[in-house]
Amino acid sequence: MSAVVDLPEEQHPDRVRLRFLQSGEDRAVKEARVLAGTTIFDAASWNGVAIDSTCGGHGTCKKCKVKVVSGNAPISPVDPRAFTIEELKNGWRLACRANTQEDLTIEVPALQTRPKAALAGVGRHIILRPAVQKRYVELVESTLEDQQSDLERLLAAMDDLELRVPLGIVRELGGTLRRANWKVTAVVADDLLIDVEEGDTSGSRHAIAFDLGTTTVVATLLDLETGLPKAVRSILNSQQPFGADVISRISAIMMEDDALERLQRHAHETLQQLTDEVCAEAGVDAGEIYEIVVAGNQTMIQIALGIDPEPLSMAPFTVVARRMPEATATDFGVTVHRRAPAVTFPALGAYVGPDIVAGILATGLTLDRRVRLFIDVGTNSEIVLGSSAKTLATAAPAGPAFEAAQIRCGMRAADGAIEGVKIVDGEVELTVIGDVAPVGMCGSGLVDVVAELVGAGMLDHSGRFVLEASERFGKIGDENVFYLSDDVYLSQRDVRELQFAKASIATGWNILCRDLGIEPGEIAQVLLGGSFGSYLSAASAVKIGLVPKLPLVRIVSAGNVAGEGAKIAALSVTERAAATAILDEVEYVELSGRADFNDLFIDQLKFPG
Ligand code: FES
């Protein structure tokens, strides 16, 4: 069966159109538009076209043979080693070496080997191509007749790689080679030689993907041979005593001389504690962790790297660098392999930061033809809307409604938190985490109770309690409250906080829909992410107008997308490049100062029910 996929005809000077003719099982035809200069291999794997490979696109296996049948792809230096002159004339190229400079039609032979792949992100199939590679080599011992240097000898055995070599490697190389009887394993991260190990250690390579959240920090230890996680741990960010959100942490830094240093130390301790825990759980020596990837919001990343975050908190909200310079695990206070690089994500802006770029990568939003909406619900909510044709992003200051401390009976999603509420025939049914007596409510409980009160006619569309509608209403001081249990209640002020938060978020996605020229009803899928969003009930989110009114099956929880993005970047350099490309592909929309913001915001304040 053949399926021709039509793409929008939008022109872009830096993009080329590729047409893949597959000769595999379904003989499908696929088209893709990619930035000029992308290799055919990368373009294919981003668009789900499987090309043979056992080296993961590093130019060594010579299995990624494709035939360019229209358009011209330059012959790479490696091509003549893989093809005859006749084959080269006929358009045969190694896909991973072939840069696209113009529109091409490419025949892709059927797979001979199954590429190793892992499922990560929101149902994404990631072809394994880690930056960390190992090469076992057996060198010929130097003699008086052959006085090649130790380093030349090693590099000649890997002449398909162009490597940067740190001084420390050279310092130790002579001893290592001789002790190991010239049988060694080179450890490479991207183009950097990070170690030469004695003997054959090529079966063992690991990385840790961190999600450095303001509240929670998660570490996943990944086996880069299989792409599978070997251990996952999460703990609270030990910066908590400085305040629950990024603004209070920045304020602490502005007020106290040594606060940046102390906050940085707390971030490092948190990351190191997780490293110790995942290594112990997986039984992996920390020295075998050759790379770390850190996703987090811009404030968390800047603090962890010891960079003053103050400019992020005030207009014009400047990030120190959209792409961080090369960093190492040591810069994040993490003791793993001593030369392990630390990979970070770029930032679109101060409030659409590296965590959201990681999230976009995990959702595959910019790779999908369907228009999808991704909302990371939090104190500062990030909203991304688009498809492979065009994607827009914005940040909506949602205020403290989702922050436990600002809600009268608010708490984190821990034992005793009401996380679900139903009102049936005036009776309240609660779902409490840990099956214990309720002591407070978390974000999902708050959204649920408000949605249910609206549905039961106990809260009007303007957000005011209908006091005569239930005996559960009472008064604390001057304030009207609705009792969920003897000790846990929802106050009128809590409702107002939520109302502002959801109006802010809804105004954000309405503006993005306007700018993209679509109606909210045309959105194919809504992905709710972040520590609040992932736990919201789709029905309640629709009822209060937090998300567009769509069939509930189209509203899905995306989970910890920043952490998933970090895992994906550890598993594939191709995906890592896609994350960097997000900077150019996603357009940032500034909400403040927009003429249409106020009217829309006022409209969105009411509860649709
Ligand atoms: S993928 Fe191995 S040589 Fe291209």
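Which residues in α9 meet which residues in α14? In α9, D355, A358, G359, L361, A362 and T363 meet V561, A562, E564, G565, I568 and A569 in α14, where contact means heavy atoms within 4.5 Å. Helices (H or I, at least four residues) and strands (E, at least two) are DSSP runs, numbered from the N terminus.

The model is a predicted one, in which local features need pLDDT of at least 70 and side-chain atom pairs count only at pLDDT 80 or more, while totals for chains, interfaces and linings use all residues. Residues are numbered from 1 along each chain as its sequence is written, and side-chain values use heavy atoms, with hydrogens and water left out.

The packing of α9 and α14 can now be described by its geometry. Helix α9 covers residues 354-363, and its axis lies 7 Å from that of α14 at an angle of about 75 degrees. That angle makes α9 roughly perpendicular to α14. Axes here are lines fitted to C-alpha atoms, for helices over the stretch in contact, and angles run from 0 to 180 degrees between N-to-C directions. Angles under 35 degrees count as roughly parallel, over 145 as roughly antiparallel, 65 to 115 as roughly perpendicular and the rest as oblique. Helix α14 (residues 561-571) is largely enclosed by the rest of the structure, because 11 of its 11 residues are buried. Buried means under 20% relative accessible area, exposed over 50%, and partly exposed in between (1.4 Å probe, protein chains only). Among the buried residues of α14 are E564 and K567.

Helix α6 (residues 246-255) and helix α7 (residues 259-282) pack at an angle of about 135 degrees, and their axes are 7 Å apart. The two helices α6 and α7 are therefore oblique to each other.

Attention now turns to the strands. Strands of a sheet pair through backbone hydrogen bonds, either parallel or antiparallel. Two strands are taken to pair if DSSP finds at least two bridges between them. An open sheet of six strands has the order β13-β12-β11-β14-β16-β15, with mixed pairing. Its edge strands, β13 (229-236) and β15 (327-328), each pair on one side only. Within this sheet, β14 (residues 289-296) and β16 (residues 341-344) run parallel and share three bridges; V294 stands opposite T344 of β16.

Strand β3 (residues 65-70) pairs with β4 (residues 92-94) in the antiparallel sense over three bridges, and K65 has L94 of β4 as its bridge partner. Three bridges also join β3 to β5, and these two strands run antiparallel. Here V68 stands opposite I106 in β5. Strand β5 spans residues 104-108 and includes T105. With a relative accessible area of 14%, T105 is buried. Beyond its neighbours within four places in sequence, T105 is in contact with R19, L21, K67, V68, V69 and S70. By contrast, the C-alpha atoms of T105 and D245 are separated by 50 Å, and these residues are 140 residues apart along the chain.

G445 belongs to helix α10 (residues 443-455) and counts as buried, at 0% relative accessibility. When residues up to four places away in sequence are not counted, G445 touches I418, E419, G420 and V421. Helix α11 (residues 492-516) has 25 residues and should span 36 Å at 1.5 Å a residue, which agrees with the 36 Å between its end C-alpha atoms; the expected span is 1.5 Å times one less than the number of residues. Of the 25 residues of α11, 20 are buried, and the helix is mostly covered. G517 follows α11 and has a positive phi, near 75 degrees.

Aromatic rings complete the picture. The whole structure holds seven aromatic pairs. Rings of Phe, Tyr and Trp (its six-membered ring) pair if their centres lie within 6.5 Å; planes under 30 degrees apart count as stacked, over 60 as edge-to-face and the rest as tilted. F473 and F482 form an edge-to-face pair, 5.2 Å centre to centre with 65 degrees between the planes. Both of these residues, F473 and F482, are buried, and together with F465 they form one aromatic cluster. The pair of Y483 and Y489 is also edge-to-face, because the ring centres are 5.8 Å apart and the planes stand at 65 degrees. Y483 is partly exposed, with a relative accessible area of 27%, whereas Y489 counts as buried at 12% relative accessibility.
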